Structure formats: structure tokens, C-alpha cells
Amino acid sequence: MLHVAPVFVERESMSSGQVAASPQHFLELWGKAWDRHDVDAIMRLCAEDCVTVNRFGVLLQGKEMTRTAITFLHNGPFRDAHFEAPKLLIERTLAPGLVVLQASWKNPSGRPAPAAQMDDMILSATLRNNAAEGWLLEQLDLHNVDRDAP
């Protein structure tokens with residue numbers, strides 16, 4: 001009888017960056033990439049046809065538009081900002097290889113000092129598992145949380 005030991009290989013994306021092995025790992029990689037201001041790493045986590053609605057209601061369709069917006073943020077208002085990894089609140093499986101996450105995320109307000117602060121946000125993301133590229137962002141909705149709301 002032939003016994004074959006399992007071999008674990010760390011997958012890498014085509015651009016030699018890490019891929020998200022699970023939805024929770026996606027959140028970790030997302031937070032680290034934002035904190036490093038690594039636009040390429042953020043974009044490796046996005047599907048080609050990704051859709052984002054930011055906290056101001058701006059709709060971004062596709063990777064090119066998303067890259068332009070994220071590059072602007074990291075070269076401008078968030079240039080010196082610190083980002084923590086989002087904290088998973090809810091993960092729902094919609095179908096095999098398709099999940100929706102809700103996570104809390106501290107995010108720079110974008111307001112100049114002295115009003116600058118961290119905003120509490122809810123990140124709602126739809127992720128699709130691509131065997132070659134790991135879990136990829138299909139849709140992202142960001143919402144500020146009003147601390148003073150009843």
C-alpha cells in the first residue's frame with residue numbers, strides 16, 4: 001500500500017504576493033496592505049470587475065477605477081495614516097465559494113488636523129473564491145457608524 005504524505009504549498013498570486021486563503025485571511029491582508037499603503041497588494045485582493053461604494057456614496061466600477069481612487073487616497077489624504085485590520089463581525093456563506101462579510105474597521109476620517117480622528121466604519125464585502133487567486137473582493141460597501149445615534 002502506497003502512503004502519500006500531504007504537501008502544503010503556499011499559493012502566490014501571479015505578481016508574487018500573498019493570496020487570501022480564507023475570508024478571515026482576506027481581512028488580515030486587506031488591513032496590512034492599507035497600513036503599508038501598498039496599492040498593488042490591495043489590488044491583488046480585488047476581482048477585475050470589482051464594485052465599491054465608498055463612505056461618501058461614490059461608486060467605483062472595475063479594477064482600474066478602484067486603483068485610481070486608492071492611489072489618490074494613499075498619495076493624498078491618507079498618506080501618513082495608520083490602518084488596523086478590519087475585525088470580522090459576521091460571515092455568511094451564500095453559495096460554495098461566495099461569502100458576504102461584515103466587519104468593523106477604524107479608518108482615518110480624512111479631515112485635516114486638529115479635527116482628524118479615526119472613524120468607526122462598517123465594511124460589507126462580497127468575496128468570491130478563485131482557485132488560482134484565493135478570495136477576491138467582488139463588492140465593497142463602506143459605511144460610517146454614527147457614535148451619537150440612539
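Q: Is E48 buried or exposed?
A: This is a predicted model, and the call rests on computed accessibility. The cut-off for exposed is over 50% relative accessible area. E48 has a relative accessible area of 61%, so E48 is exposed.

Q: Which side chain meets K63 in a salt bridge?
A: The rule asks for a Lys or Arg nitrogen within 4 Å of an Asp or Glu carboxyl oxygen. For K63 the N to O distance is 3.7 Å, and the partner is E48.

Q: How many residues apart in sequence are the parts that K63 and E48 tie together?
A: The side chains of K63 and E48 meet in a salt bridge. K63 sits in helix α3, residues 63-75, while E48 belongs to strand β1, residues 46-53. The pair therefore links parts whose separation in sequence is 15 residues.

Q: Which strands hold E138 and R128?
A: E138 and R128 form a salt bridge, with the closest N and O atoms 2.5 Å apart. The pair ties together parts that are 10 residues apart in sequence. E138 lies in strand β6 (residues 134-144), and R128 lies in strand β5 (residues 118-130).

Q: Is E138 buried or exposed?
A: Buried means under 20% relative accessible area. E138 has a relative accessible area of 16%, so E138 is buried.

Q: What is the N to O distance between D38 and R36?
A: D38 is partly exposed, at 22% relative accessibility. The side chains of D38 and R36 meet in a salt bridge, N to O, at 3.3 Å.

How values were computed. Residues are numbered from 1 along each chain as its sequence is written. This is a predicted model: local features need pLDDT of at least 70, side-chain atom pairs count only at pLDDT 80 or more; totals for chains, interfaces and linings use all residues. Side-chain values use heavy atoms; hydrogens and water are left out. Buried means under 20% relative accessible area, exposed over 50%, partly exposed in between (1.4 Å probe, protein chains only). Helices (H or I, at least four residues) and strands (E, at least two) are DSSP runs, numbered from the N terminus.
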